[in-house]
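Me: I would like a close look at one part of this model, please. Take me through it slowly, and tell me how each term is meant.

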Amino acid sequence: MTDQAPILEVRDLSVSLPISGRMVPVVTDLSMSISPGEAVALVGESGCGKSMTARAIIGLPPPGAVVSGSIRLEGRELTTLSPRERRRVGGRGIGFIFQEPMTSLHPTLSIGQQMTDALRYNLNLPTRVARDRARELLARVGLPKERDLLNAYVHELSGGMRQRVMIAMAISCNPKLVIADEPTTALDVTIQAQVLELLIAMRAEIGLAMLYISHDLEVVAEFCDRAIVMYAGDQVEAGTPVECLKMPHHPYTRGLVDAIPHAGEARARLSPIPGQVPSLGSWPRGCRFQPRCPRQDDRCATRPELATVVRSEVRCWHPLVGEVS
Amino acid sequence: MTDALLDVAGLSKSFHQVHAVRDVGFTIGRGETFGIVGESGSGKSTTARLVLRLVEPTRGVIRFRGQDLATLSKEALRRERRHMQMIFQDPFGSLNGRMTIEQLIAEPMEVHHIGDSVERRRRVGQLLAEVGLPEAARHRFPHEFSGGQRQRIAIARALATEPQLIVADEPVSALDVSVQAQVLNLLLDLQQRHGLALLFISHDLRVVEFMCDRIAVMYLGTVVEEGPKAEIYAEPRHPYTRALLESAPGRARKGAPLKGDIPSAANLPTGCVFQSRCPRAFDRCTHEAPQPRAVAPSHRVACHLAEE
Ligand SMILES: Nc1ncnc2c1ncn2[C@@H]1O[C@H](COP(=O)(O)OP(=O)(O)OP(=O)(O)O)[C@@H](O)[C@H]1O
Ligand SMILES: Nc1ncnc2c1ncn2[C@@H]1O[C@H](COP(=O)(O)OP(=O)(O)OP(=O)(O)O)[C@@H](O)[C@H]1O
Ligand SMILES: [Mg+2]
Ligand SMILES: [Mg+2]
């Protein structure tokens, strides 16, 4: 799979935001590549920069943000395009599923209206054809055909149905890549499983590449090919999700894995990571995890580069190499 | 169970057309952790609020420390409240932002006339230490703290009246795993130290498995299965419980996920509430609602198939 030309290639992506009068880094030197049919997970705790990375890739960072680095979609550099061109290329090539469907579906436009608008704008389809295609798409994501959902409004749908509508819209323009930002966190696990199943089916059927954002390493381990673990704007580890869970090399990844409650160890103590995530603008110099790290020493005052450890890429001077017990 | 701390039977609550909770019953022993799991809208929070009598039940009996709460006078109920406290999901919304941490933690003691102001201030210091916050926190405001720290403040506040039962509604759902681990550890420590009983609500099955002695699984306002945690996780007897456990992250997924959406609580089917999604439904399920029955000592299941 990986020897095919990548759909998405990101090199040294950095994002800074203006915060109380100065530019503060939010994401630094992030690189990744996603091949056709491949699913890559972006994992990390709240505020580490996952959504910001996604927003930079689709060209919708917050106002005032400075984005640097290279973002290529099917070999085409996006960062040098005009905003208008960028919207056109992005609108067709990348589908986006947001964290919270209620904020991204329009409350007073019918589902059919929203879907046909996108199809007409991006694919220049006549209204009639667009409407037929919208109906097809809703059936495609497993919504009941007998219900007239094209004329329904968001508030008439359950959480799972809303998320399916989002997926239908995200794939409506035949994108090569779908970016899903925590698409299932608001859902019950049985509905969550349905949504994941659907995304997995799309991958196999249409060779869809996926960037899947989550804070839960165990969720992504089930279906992603690779995981990138972020901490304070930095990529600290990249490898298969199973490797990250079973043999984490970065002490932060290890900390995340140890903090997950597991069967069989009921009511023993969990091992939380000591301390707190540093706030924006006050990241430590050198390795950003160093003040909380059990393996920290003088060397950690210099920022480590990403380096290969066993089968993963790790940004650490003192990576772990043993298995989690 | 003679030494039950909380005993709930036939509890129901409707909001207009919506049958939020229907005929729910369970028992919590002293020092025990009882978990409620179920999907969004299944009635977990409503059950918690009913137990604390923050909302009036449409029907049902709640016995707490041997007394039927419905028979208590307003004043007696108010006094009883000091023995049951609550922690909410949202550590941002549940603390009044204009009060200092000291005021927030002392407030329940004032309400229940515990100690004088000097004693209360001393007790705030103890409670801060107990939940792992610095003494200096007392003069600060909630917005100056992180999510995990705010949840510690909420816990200190809940502990202030030395309750016998704490109802915790999704207390760690808004927190990252590393912070979640700190808060869960704290709850376990406090429980051991004070012999607290916990009614613990969560949709994360890993957290529930870790924390609870016994659990109830709710679906559309009813308890479909209730029993010892270990038994239910090892061998779920209700098809919904099975589906729930099989869909949970971190557990090897088996079989296809459930089909269909959850029916609306305003438009319930006749017969079993789960029939529309149940892979094993048969005709009886469409017209007869299964009653909970014991499949083992203190393990009850509401499913026609559990009948043998
Ligand atoms: N518009 C903005 N202005 C200033 N700071 C912002 C803005 N948007 C996000 N941030 C900050 O940038 C950092 C990264 O945010 P981001 O939304 O990427 O986090 P995340 O990893 O997606 O977290 P979560 O899991 O909570 O969604 C956070 O510290 C956040 O507070
Ligand atoms: N005050 C209210 N008025 C009307 N309906 C209500 C009210 N409170 C709850 N409900 C309804 O009762 C049902 C149960 O809600 P409840 O909040 O108990 O669910 P829950 O299991 O806690 O869900 P979640 O996991 O999303 O918190 C839902 O259908 C809800 O819409
Ligand atoms: Mg985000
Ligand atoms: Mg709730």
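Reply: Happy to; let's take the ligand surroundings. The shell around ligand 1 is made up of 6 nonpolar, 5 polar and 2 charged residues. Here Ala, Val, Leu, Ile, Met, Phe, Trp, Tyr, Cys and Pro count as nonpolar, Asp, Glu, Lys and Arg as charged, and the others, Gly among them, as polar. Please keep in mind that this is a predicted model, in which local features need pLDDT of at least 70 and side-chain atom pairs pLDDT 80 or more, while totals for chains, interfaces and linings use all residues. Residues are numbered from 1 along each chain as its sequence is written, chains are lettered from A and ligands numbered from 1 in the order in which they are written, and side-chain values use heavy atoms, without hydrogens and water.

Of the 13 residues around ligand 1 (a heavy atom within 4 Å), A:Ser46, A:Gly47, A:Lys50, A:Ser51 and A:Met52 come nearest. Helix 1 of chain A, residues 50-57, gives the most to this shell, with 3 residues; helices are DSSP runs of H or I with at least four residues, strands runs of E with at least two, numbered from the N terminus. Oxygen atoms of ligand 1 lie 2.8 Å from a polar backbone atom of A:Gly47, 3.3 Å from a backbone N or O atom of A:Cys48 and 2.7 Å from an N or O atom in the side chain of A:Ser51. On its own, ligand 1 has 640 Å² of accessible area (Shrake-Rupley method, 1.4 Å probe), and the protein covers 66% of that.

Now for ligand 2. The residues around ligand 2 include B:Phe15, B:Val18, B:Ala20 and B:Glu170, and its shell divides into 3 nonpolar, 6 polar and 3 charged residues. Strand 2 (18-29) and helix 1 (44-51) of chain B each supply at least two of the shell residues, with helix 1 of chain B giving the most, 3 residues. An oxygen atom of ligand 2 is 3.2 Å from a polar backbone atom of B:Ser42. On the side-chain side, an oxygen atom of ligand 2 is 2.8 Å from an N or O atom of B:Lys44, and an oxygen atom of ligand 2 is 2.5 Å from an N or O atom of B:Thr46. Taken alone, ligand 2 exposes 640 Å², of which the protein buries 60%.

How values were computed
Polar contact = N/O pair within 3.5 Å; in protein donor to acceptor, adjacent residues only side chain to side chain.
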